[in-house]
Every structure is written in C-alpha cells, then in structure tokens.
Amino acid sequence: KSHNPGIFTNHIVEGFSLGVLCLGLLFFGLKHWPQSRLLAVVSLSGCGLAAYTVFFLNPGRGAHLALGFGLMIYVLCAVPRGKRVIAFGGFILAALLIVSQSQTIQSRFQTAIIQFQNHEVQKSTSVGLRLNAWKAGLELWSQSPLVGHGSKSYQLLMHEEQSEAIGGCKNGRNPVCLQPHNQFILLAVEQGAIGLTLFISLLFAIAWPNFSVKRVQLPPPLPASLITCFAVHAFFDSGLRMGYQSFTFIVVTVALLAYQMLRANTPLTPNK
C-alpha cells in the first residue's frame, strides 16, 4: 500500500505550513524572551530552521513570497514607530542576502520570468498554466460579476467554455481546470463580488482587529503577519480547496480570534 506522509507530499502545502510555523515560533520566542531565555532560544531556533527550509530547500515560489512578506509585516508592526525605517532597511538587507545565497530562489524566479514571457505559447508551464487560467477565470467572472456562478461552477465552466484557453483540460489531468491556483479568482468566479468582498473582509478583520478610522494604529504583528502570509500564498494557489491548507487556515483563524479575545480581556464564554 502507498504511504501518505501528509503535507510533505506537496511542496506547495509544505511551504505554506512551514511559513505559518516560522511566524508562530518567531512570535512565541520574542514573547517569552523576558521570562525564559531557554524557551525563547529554542523557539527562535525553530523559527530559523523553518525559514531556512522555505528559502533554501523548498522550491515553492509562492512560499518564498508569502513568508517574505509575512516577515516584513511582522517587523513593521512589532518595531516602535521611530525605529521602523531602520528596521525596514535591515529587513531589505537581510532579504537581499538570502536571495544572493539561495540558489533555489534564484533558479526558480529566473524560470518564472522565462515562463512569463512565453506563457501565451507555452501554456503547460507552471506560470503559463496560472496566467492563462487567471485570464480565463476573470472572463468567467465578467459573465456574472455580482453573485458568481455558484459552488464548483469554475471546474464545470472551464471544461465547457475555457478548455482551449488553458491548453486543454485533458480529462481532468490539467490542474487549472479544477482550480485556478488563485483563491481570489476562484471565489470571484463561484461567489462573485459579494463572496469575494466577504472573504477579504474576514481576512482584514482577523489581521487588523483594532482598526479604527478615528485613531489609526498598526495591527498586532502576529495576526497581521499570518494573514499576510496566507493572502500572498492564496494569490498563487487556491489554498482553501486543498485539505491540508484549509485545515491550517481554520486552526490559525480560531487561534488568532482566541488570542485577540485574551488580549482584550474578553471572556471566551458569555457571563451567566
């Protein structure tokens, strides 16, 4: 019998999961630094190991970008206002160092540039499949922009109307016939502008729970960085259509909501 070791069967899911782990361990390590240096060092070491795996071992370009933006948002939200420029400059230098030392990042993005330039004639490449599926998805969305076509309509309509645009569905063997590798376009096609707006509003509410038009202040670093990581990764993959990623998203969402309640000293259950 074949053995399924979970997230490690797919580098896309693995990259996203390790990005979430990296950001969580970064928060946990910094939070416990004043109380327990040993626990903090262990957590920050795990954070570094997860980041190294994503940037130097995992070939997923979406994971590279997702974790990179997640870390940038974490730094900007965690650092005091007067030191943000210095912190941002340090982050850019660290990012340039990682890119210069990671052959994985360099080769994968060089390949992406070539595939982007030829996506109209070479539709079977990773970038070619995505770009052509996004174009086809936007065309389907334009047919019913407000409420969409309904659940699972993307797959049906791609087979019926847009198969040629993406190089043929090939009896379901073309991955972008099942999902466009973009969560936002998938929601737009199936749920329309209403569903897409609700989903983006959910992400914003989780990432920035203390937002106020009267007094604008940056969101807490943990929820902002985790939701940024998810949103960037969701731009290159329909994560909620994949079991492991949707499970991770649900767990992270519940954990962040509980964390915000605890920060606000709000009881988790109503007072009787």
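Which residue forms a salt bridge with Glu120, and how far apart are the closest N and O atoms? In this predicted model, the partner of Glu120 is Lys135, and the closest N and O atoms of the pair lie 3.8 Å apart. The structure holds one salt bridge. Glu120 sits in the loop between helix H5 (103–117) and helix H6 (126–143), while Lys135 belongs to helix H6, so the pair ties together parts that are 15 residues apart in sequence. Glu120 counts as exposed because its relative accessibility is 56%, where exposed means over 50%. Lys135, with a relative accessible area of 43%, is partly exposed.

Turning to the overall fold, the protein has ten helices and zero strands, so that reading from the N terminus gives the order α-α-α-α-α-α-α-α-α-α. For 272 residues, a compact globule would have a radius of gyration near 19 Å, and the 20 Å of the protein agrees with this. Along the principal axes, the C-alpha atoms fill a box of roughly 60 × 55 × 45 Å. Of the 272 residues, 44% count as buried. Among contacts with a separation of 6 or more, 63% are between residues 24 or more positions apart.

Leaving aside neighbours within four places in sequence, Leu67 is in contact with Gly19, Cys22 and Leu23, with Ala51, Val54 and Phe55, and with Cys229. Thr53 lies in helix H2 and counts as buried at 18% relative accessibility, because buried means under 20%. Not counting residues up to four places away in sequence, Thr53 touches Glu14, Leu18 and Asn58.

On the surface, Phe88, Ile92, Leu93 and Leu96 form a nonpolar patch, with about 370 Å² of accessible area together. Phe88 is found in helix H4 (residues 84–101). With a relative accessibility of 34%, Phe88 counts as partly exposed.

One further position is of interest for distances across the model. Ser212 is placed in the loop between H8 and H9, and at 25% relative accessibility Ser212 counts as partly exposed. Although Ser212 and Cys169 are 43 residues apart along the chain, their C-alpha atoms are separated by 47 Å.

Definitions and conventions. Residues are numbered from 1 along each chain as its sequence is written. This is a predicted model: local features need pLDDT of at least 70, side-chain atom pairs count only at pLDDT 80 or more; totals for chains, interfaces and linings use all residues. Side-chain values use heavy atoms; hydrogens and water are left out. Contact means heavy atoms within 4.5 Å. Patches are made of residues with over 30% relative accessible area and no salt bridge: like charges are joined within 9 Å, nonpolar side chains (Val, Leu, Ile, Met, Phe, Trp, Tyr) within 5 Å. Accessible areas come from the Shrake-Rupley method with a 1.4 Å probe; for residues, only the protein chains shown count as cover. A salt bridge is a side-chain nitrogen of Lys or Arg within 4 Å of a carboxyl oxygen of Asp or Glu. Helices (H or I, at least four residues) and strands (E, at least two) are DSSP runs, numbered from the N terminus. Buried means under 20% relative accessible area, exposed over 50%, partly exposed in between (1.4 Å probe, protein chains only). The radius of gyration is taken over C-alpha atoms; the globule rule is 2.2 Å times the number of residues to the power 0.38.
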